Structures are given as C-alpha cells and as structure tokens.
Amino acid sequence: MCGIVGYIGPKQAFPILMKGLYRLEYRGYDSAGIAIVDSDLKLYKTKGKVSDLEKFVQGKDISGTIGIAHTRWATHGEPNDINAHPHYSQSKNLALIHNGIIENYALLKEEMIGRGHQFNSDTDTEVLIHLIEDIQINENVSLEEAVRMALNQVIGAYAILIISRDNPDLLIAARKGSPMVIGIGDDEFFIASDASPIVEFTKEVVYLEEEEIACIRRGEKLKLKTIHNKDKTPFIQSLELNLEALEKGGYEHFMLKEIYEQPQSIMDSMRGRLNAEKGIVKLGGISDYENKLTNAKRIIIIACGTSWHAGLVGEYLFEDLARIPVEVEYASEFRYRHPIINEDDIVIAISQSGETADTLAAIELAKSKGATILGICNVVGSSIARVTHAGSYTHAGPEIGVASTKAFTAQVTLLTLMALDIAHRKGTIEMSRYRQLLNELESIPDKVRETLKVDDQIKELARIYTYARNFLYLGRGYNFPVALEGALKLKEISYIHAEGYPAAEMKHGPIALIDREMPVVVIATNKGTYDKVVSNIQEVKARNGKIIAIVTKGDTAVKKLADYVVEIPETEELFVPLLATVPLQLLSYHIAVMRDCNVDMPRNLAKSVTVE
Ligand code: M6R
C-alpha cells in the first residue's frame with residue numbers, strides 16, 4: 001500500500017527520495033509525488049509510476065535538503081494527479097503525505113468548509129493537513145503541537161510526514177496503525193514506511209510506536225512524544241537487512257528470484273531451531289509459552305491470503321501430530337463476527353509483512369479477551385511482531401514480489417517445527433517417528449532444489465496454457481491448501497480466473513465447468529488419499545478436461561491418465577506442501593510473463609495491506 005519516504009540532512013533530498021520511492025514500488029501504488037523545501041515549498045505529483053514522476057519533474061526546481069515523497073494506493077478518490085500525495089494545507093505553507101485512512105474525514109471536512117476551507121481533492125489526507133493548519137493558526141500553537149492536537153481529533157489509521165515552508169529545518173512524523181521507520185545517519189534522518197529505502201544509508205533505526213510523534217530537527221537529536229503529550233525515549237535498533245536482498249540479483253523478476261531462493265529460505269527458517277541428529281526442535285522466540293502451547297485445548301490461526309493458506313497447512317499439522325483442535329480464520333471475518341475466544345486459547349497470527357490491518361485488528365480483539373497471541377512474521381520489527389505476546393520470525397529475507405512465494409514455504413516450515421515440537425512434548429508421536437520426520441524435514445531444502453529443476457518443463461506447459469481463461473486446482477488433505485495457493489498465485493499475477501477446491505468437492509458443483517478447454521491442475525502425490533485423487537482425475541477425464549498433475553517421482557497410475565505430469569521428489573505426506581507449491585508458483589509465473597503481465601507489481605494489488 002502507500003509508500004512514504006522522507007529526508008532531512010546536509011544532502012540534496014531529491015535523489016534520496018526518488019531512490020526510496022523506487023524501493024517502495026513493490027508495495028503497490030497508482031500515483032506518486034514529492035515535496036521539497038528550500039526557499040519555497042515545491043510540490044510535484046502525478047498519476048502513474050515513479051518513473052512518470054521522474055519525467056514530470058525534469059527541468060523543474062527540485063533543490064533542497066528536506067523533503068517528503070509518496071506512492072499512493074487509492075482508497076478515497078480515484079487514482080489521478082489531484083488525489084496523489086503530497087497535499088498542501090489551505091495556505092500552501094504545509095505539505096503532508098499519508099498512509100492509512102482517516103475515517104471521520106467527511107465530518108471534519110464539512111466543518112472546515114464551514115470555516116472557509118477549500119479542498120481540491122477527494123482524499124481524506126487533504127482534510128488532515130487543512131485541520132493541522134487550522135489548529136496551528138486558530139490556537140496559535142507550534143506546528144508540532146498542532147499535529148498532536150489534530151491527531152487527537154482523528155479516527156482511523158495514519159503514518160504521516162509533514163514539512164513546512166516556514167521551517168525548512170523541521171520534519172514531523174507520526175503513526176497509528178500504519179508502519180514508519182526512522183533511520184539515523186550522521187546529522188541526517190531517513191524516514192520510510194519500511195526499512196528498504198533506508199538500509200543503504202544507515203543501519204541504525206527507530207521504529208515509531210503507536211500514536212507516537214517524531215519531531216525531527218536538523219542538527220538535533222530525534223525527539224519523540226505520544227499524541228497524549230508524553231515524552232518517549234527513542235529505542236535505536238540495528239537493521240539486519242542487507243542491500244543485495246533488495247535487488248534482483250540477475251533474475252528477470254523478484255518473484256522468480258524469490259521462488260529460487262526457497263531452498264535457502266526454508267533452511268534459514270530452520271537454522272538454529274532444528275537439530276535432527278540430536279532430535280531437538282527449539283523455537284527460542286516462543287519458549288516461554290511452550291507449556292501453554294503443549295497444554296492448549298484449542299489453537300486459532302488468523303491470517304489473510306497466502307498466509308491463511310499456510311495456516312490451513314498448520315491446521316493439518318497440529319491436528320495430525322499434536323492432536324490439538326485448530327480453527328483457521330480469515331482475520332477480516334474473525335474480527336467482526338463476535339467469535340468465542342477463551343483465556344486458554346492460543347492464537348497464532350501469520351503474516352509476511354506483519355502489517356496487515358485485518359490481522360492486526362483480529363489480534364487486538366483476541367488479546368482483549370485474554371488469549372495468548374503468538375506471531376509468525378517475516379518482517380523484523382513489524383507491527384504484528386511487536387503486538388503479539390511472543391513469536392518466531394520466518395527469516396525468509398525480504399519478499400519484494402507482491403505474490404508471496406518464499407514467505408509461504410517459510411511459514412509452513414515454522415508451523416511444521418511448532419507442531420513437531422508440541423507433539424514431541426505431548427507424547428502424541430512415537431519417538432522413532434519423530435526422529436524420522438526431523439531427518440526428512442532436514443532434507444527438504446535439497447528436495448526443493450531438486451523440484452526447481454522442473455522449471456523448463458513448466459515453461460513449456462505455460463506456453464500451452466496461456467490461452468486458458470479459467471483454471472481449476474484440486475487437492476486433498478495436505479494438498480488442498482496447496483491447490484488454493486496455486487489458484488491464488490495464478491489469478492494474482494496473470495489475471496486468469498482460477499479456483500482451488502478439495503478434489504472430492506468438485507462433483508458438488510465445479511464439475512459443471514469442465515470441458516475440453518478447462519485445464520485442471522491436480523496435486524496427486526503418492527500418500528494419503530492418493531487412490532481417491534486418482535478417481536477424481538478419472539472424473540475430470542471422463543468430461544474431456546485437461547489434467548496437469550503434480551505427482552511423486554516414479555508415479556505410474558496418474559501418468560496414464562494425465563495430459564501432463566510434473567514430478568516432484570518423494571517425501572512424507574505432511575511435507576508435500578513444501579515441494580508441491582513450487583511447480584505451481586513457477587506455472588503462474590511463466591503464464592504471467594507470457595501474457596505480458598507485470599509479475600512483481602500486479603494491478604490493483606498491494607504488498608502489505610494496511611487498510612481493512
Ligand atoms: O503480509 P501478509 O502475509 O499478512 O499478507 C496477507 C495477504 O495480503 C497476502 O498473502 C496476499 O494474499 C499475497 N498477495 C499473496 O500472494
């Protein structure tokens with residue numbers, strides 16, 4: 001969603017801000033803008049890409065050592081030049097950029113129109129900067145105080161940056177519900193929605209907490225206070241992120257790079273946590289809650305999108321291995337449907353970005369009912385990682401492609417470790433079986449590497465099926481979430497309609513769709529309900545559907561029926577999602593490339609969904 005960058009220091013702001021906007025492109029956006037102060041407050045913005053903004057400002061005055069820049073993902077008002085950020089205040093003395101939603105903007109706007117304010121855009125953001133200036137003038141207070149007072153009137157979520165023509169040595173930042181990081185350099189500050197625009201300049205950062213305001217003055221130390229006027233001491237942390245992780249490293253797209261990183265990212269999520277030789281699983285981040293987890297009567301998993309699919313795999317794992325009942329909930333439904341939450345429930349929140357608004361709200365709800373909340377996040381220092389009682393990072397490294405790939409397999413890896421650990425503690429698994437599974441899990445990164453060798457074959461397959469307008473993905477048991485994930489990947493990046501279904505459910509409806517035009521991807525690996533899946537394939541063939549089957553190496557039965565088979569290495573049934581997902585990621589990737597789609601930044605999508 002919206003991306004924010006700010007700079008104040010001795011250097012020219014423009015190149016730093018533009019570089020930052022390019023780094024934030026992955027978040028998803030539809031317009032971009034920039035404001036810089038020297039003797040004047042200059043503001044340029046345009047619909048389209050950051051490169052369009054760069055062209056737009058050519059030949060214009062962009063000098064100045066303090067500035068703010070923004071990529072906007074439209075919520076209030078269509079994506080156009082006027083609605084793009086930054087927005088001026090009434091007098092054009094202030095400029096503001098904003099990520100989030102001001103829910104009571106309509107009421108505030110009406111009041112200010114009554115006081116003579118004129119608005120140019122349809123945005124909630126413009127209302128906020130008018131309000132700040134209105135307070136500054138009418139209450140005769142400093143800009144910092146006006147921001148604080150205004151934020152007390154606002155309902156909703158915000159990460160904001162403000163600069164002023166009158167004070168080129170001051171930049172104000174504030175956040176509630178939307179992320180904001182401040183990088184501290186030598187007499188300079190870099191501010192952004194996440195660390196990616198900051199990392200090449202400094203590793204020292206402060207994550208703004210909820211309802212905090214940062215007063216960033218040239219040549220002074222960073223000052224923080226809450227919107228309730230309480231002074232805070234900045235907590236400086238060191239970034240672990242490195243620059244190479246944010247670049248394509250020779251791959252055509254981030255998504256392909258991230259698919260290929262999976263042997264490593266799965267290994268990284270197990271590193272220091274799994275020792276198969278000694279039979280040890282140790283998740284340090286949640287060790288204080290081990291007993292609670294082991295004795296849990298129920299686990300509730302909350303997540304959205306791909307993370308929700310990982311949660312479904314988690315349900316199978318926890319129930320199978322640890323015999324704990326699990327409910328997997330869409331965070332957006334959970335938060336509004338008056339769920340029954342008990343104090344002894346364990347809630348596991350899964351999120352790559354750690355910023356998903358619905359997941360955050362669902363966590364707050366469960367927390368308020370006394371449940372224990374554990375997080376599985378990828379982005380270090382993210383909001384979800386900070387609001388949960390404890391948690392484990394997936395350590396998959398930055399995921400830039402909007403379509404989640406390596407984060408999914410890392411989430412599943414972590415859930416697998418958790419389920420194995422609890423099963424072992426509870427005694428719901430035989431020791432010999434436990435040791436066998438740990439050994440097999442350790443071999444998964446190599447097996448993913450082996451699976452990636454199907455890439456050329458998948459490319460050929462993609463060529464055949466770029467014509468298709470619909471796809472069906474079928475799987476049973478552990479492979480049902482894989483089918484859902486395969487279908488989501490295809491629709492996200494290739495804009496082809498795809499549905500994931502439990503294979504046996506097909507005959508209760510979707511079978512009506514099957515004809516000779518319909519590709520049906522079936523995950524038909526050799527364990528669990530394999531024979532039943534073979535029957536489901538026969539049902540599709542009987543109606544002339546085209547079968548693309550993901551099978552275990554050496555399979556014979558499905559080979560006889562399917563139009564195309566893609567072989568993956570043999571593994572335990574519960575680890576199949578970690579392998580079977582890979583060819584489906586590649587299939588969607590190649591189809592999207594062949595259809596000339598913007599793979600890394602698909603239309604309408606945002607990488608972190610910070611609005612509900
Ligand atoms: O950052 P999160 O894991 O909380 O994000 C959840 C979904 O928005 C995300 O998985 C989305 O579905 C992806 N685009 C899937 O590829």
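Predicted model: local features only at pLDDT ≥ 70, side-chain atom pairs only at ≥ 80, totals over all residues.

Colleague: How much area do domain 1 and domain 2 bury between them?

Modeller: The chain is divided into domain 1 (3–244) and domain 2 (254–594), whose C-alpha centres lie 37 Å apart. The contact takes 8 residues from domain 1 and 10 residues from domain 2. On the domain 1 side, Tyr26, Pro179 and Tyr207 lose the most area, together 49% of what that side buries. Of the area buried between the two domains, 52% is on carbon and sulfur atoms, and the total is about 800 Å².

Colleague: How many salt bridges does the rule find across the interface of domain 1 and domain 2?

Modeller: The rule finds 3 residue pairs in polar contact across this interface, both residues of each pair being at pLDDT 80 or more. For salt bridges across the interface of domain 1 and domain 2, the count is 1.

Colleague: How many disulfides does the structure hold?

Modeller: Cys304 is partly exposed, with a relative accessible area of 24%, whereas Cys377 is buried, at 2%. The cysteine sulfur closest to that of Cys304 belongs to Cys377 and is 12 Å away, which is too far for a bond, since a disulfide needs the sulfur atoms within 2.5 Å. The number of disulfides in the structure is therefore 0.

Colleague: Is Phe235 buried or exposed?

Modeller: Phe235 is found in the loop between β14 (231–232) and β15 (237–238). Leaving aside residues up to four places away in sequence, Phe235 touches Val205 and Val206. Because its relative accessibility is 59%, and the cut-off is over 50%, Phe235 counts as exposed.

How values were computed: Residues numbered from 1 in each chain as written. Heavy atoms only, no water. Helix = DSSP H or I, 4+ residues; strand = E, 2+ residues; numbered from the N terminus. Buried < 20%, exposed > 50% of the residue type's maximum accessible area, 1.4 Å probe, protein only. Contact = heavy atoms within 4.5 Å. Domains from an automatic or database assignment. Buried area = accessible area lost by both parts, 1.4 Å probe. Salt bridge = Lys/Arg side-chain N within 4 Å of Asp/Glu carboxyl O. Polar contact = N/O pair within 3.5 Å; in protein donor to acceptor, adjacent residues only side chain to side chain.
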